[in-house]
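Trainee: Could we go through the pockets and helix packing of this protein together? I have the structure open.

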Amino acid sequence: MDHTNTAWSPDGTPLAYESAGEGPPVILVGGAFCTRETHRELAGLLAPRFTVFNYDRRGRGASGNTLPYAVGREVEDLAAVVAAAGGSAMLYGLSSGGALALEAVASGLPVTAVAVYEPPYALEAERRAGNVRYGERLATLLAEERRADAVELFLTRIGVPTPVIEEFRLAPMWPGMVALAHTLAYEHAVLGDAALPVERLASVTVPVLALCGGASPEWMRAPATAIAGAVPDGRALSLPGQTHEFSARALAPVLADFFGGGAHILP
């Protein structure tokens, strides 16, 4: 990618981004624990057909973290990156970043197409109630500066087994996850109880591709079909053998085809 650039949100927050490639602009929107590093491989694969903008959401990487947080500020952040991309763009959002991308489009941002990968909407009442309880516990842990415990709470909520979490705690990536613990509250704010925002989605008139991994748990796969059915111009697609930790090489041709750059982008 090119050197780091800065876009400025209306509240004065600096947003670090990289851009590379040629063609129509595509902005990559990360989810929990994501920084620009998360999407660098995907960005490189898309760059032959698109100008790819890969940015750090507020509170992460080299971007600022002006408080208090509000979902509306994140929408304004994304608008600032769209402006840096030339005034309109296509969006790809991962997980809760997909929910943010859909909210941004519903808010009226000049976006021409949206692809999302496994936004964690909760289609069952029991899971929505669990998300409310999770949010309350998360707020308590963060208020007490128990950042590692907040990370463990999140991992437990998404189904990571306890032995695997213990392995995470000993892994080189753990300090980086703990450093981003405060942004878990941002993800929760974007999703709330994670109910599918049917009315907001109904206002999204641009094409939407809702993706999931064929090997992901059912609760992660099901929202793709629900999203595609809720927007006026939507379709769902399952990527065989993929999980929430997808292969960029499996995803890139699908995104390129949807965004209009042609599927044959890999060497």
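This is a predicted model: local features need pLDDT of at least 70, side-chain atom pairs count only at pLDDT 80 or more; totals for chains, interfaces and linings use all residues.

Trainee: What is the volume of the largest pocket?

Mentor: The largest pocket has a volume of about 1,200 Å³. It is lined by 43 residues, and those closest to its centre are A32, F154, I158, H244 and E245.

Trainee: Which helix gives the most to that lining?

Mentor: Helix α8 gives the most to the lining of the largest pocket, with 4 residues. Several helices each supply at least two residues to this lining, including α1 (40–46), α4 (125–143) and α10 (218–230).

Trainee: How many of the lining residues of the largest pocket are nonpolar, polar and charged?

Mentor: The lining of the largest pocket divides into 24 nonpolar, 12 polar and 7 charged residues.

Trainee: And the second largest pocket: how much space lies in it?

Mentor: The second largest pocket holds about 150 Å³ of space. Of its 14 lining residues, A99, E103, Y121, V190 and P197 are the closest to the centre. Helices α3, α8 and α9 (198–202) are the elements that give two or more residues to this lining, and the largest share, 4 residues, comes from α3. By class, the lining of the second largest pocket has 12 nonpolar, no polar and 2 charged residues.

Trainee: Let us turn to α3 and α8. At what angle do they pack?

Mentor: Helix α3 (residues 96–106) and helix α8 (residues 183–191) pack at about 50°, with their axes 9 Å apart. That angle makes α3 oblique to α8. The crossing of α3 and α8 is left-handed.

Trainee: Which residues meet there?

Mentor: S96, A99 and L100 in α3 meet E187, V190 and L191 in α8. This contact of α3 with α8 comprises 4 nonpolar, 1 polar and 1 charged residues.

Trainee: Are α2 and α3 roughly parallel or roughly perpendicular to each other?

Mentor: The axes of α2 (residues 71–84) and α3 cross at roughly 80° and come within 10 Å, and the two helices are therefore roughly perpendicular to each other. In this contact, E74, V75 and L78 in α2 meet L100, A101, E103 and A104 in α3. Its residues divide into 5 nonpolar, no polar and 2 charged.

Trainee: One last topic: how many cavities of 30 Å³ or more does a search of the whole structure find?

Mentor: The search finds 1 cavity of 30 Å³ or more. About 40 Å³ of space lies in the largest cavity. Among the residues that line the largest cavity are L28, C34, H39, Y55, R57 and R60. The lining of the largest cavity divides into 3 nonpolar, 4 polar and 2 charged residues.

Notes
Residues are numbered from 1 along each chain as its sequence is written. Side-chain values use heavy atoms; hydrogens and water are left out. Axes are lines fitted to C-alpha atoms, for helices over the stretch in contact, and angles run from 0 to 180 degrees between N-to-C directions. Angles under 35 degrees count as roughly parallel, over 145 as roughly antiparallel, 65 to 115 as roughly perpendicular and the rest as oblique. A crossing is left-handed if the near helix is turned anticlockwise from the far one by less than a right angle, and right-handed if clockwise. Contact means heavy atoms within 4.5 Å. Ala, Val, Leu, Ile, Met, Phe, Trp, Tyr, Cys and Pro count as nonpolar, Asp, Glu, Lys and Arg as charged, and the others, Gly among them, as polar. On a 1 Å grid over the protein atoms alone, a cavity is a set of points where a 1.4 Å probe fits but cannot get out, and a pocket is an open set with protein on both sides within 12 Å along at least five of seven lines; lining residues have an atom within 4 Å of a point. Grid points are joined across faces, edges and corners, and a volume is the space filled by probe spheres set on the points.
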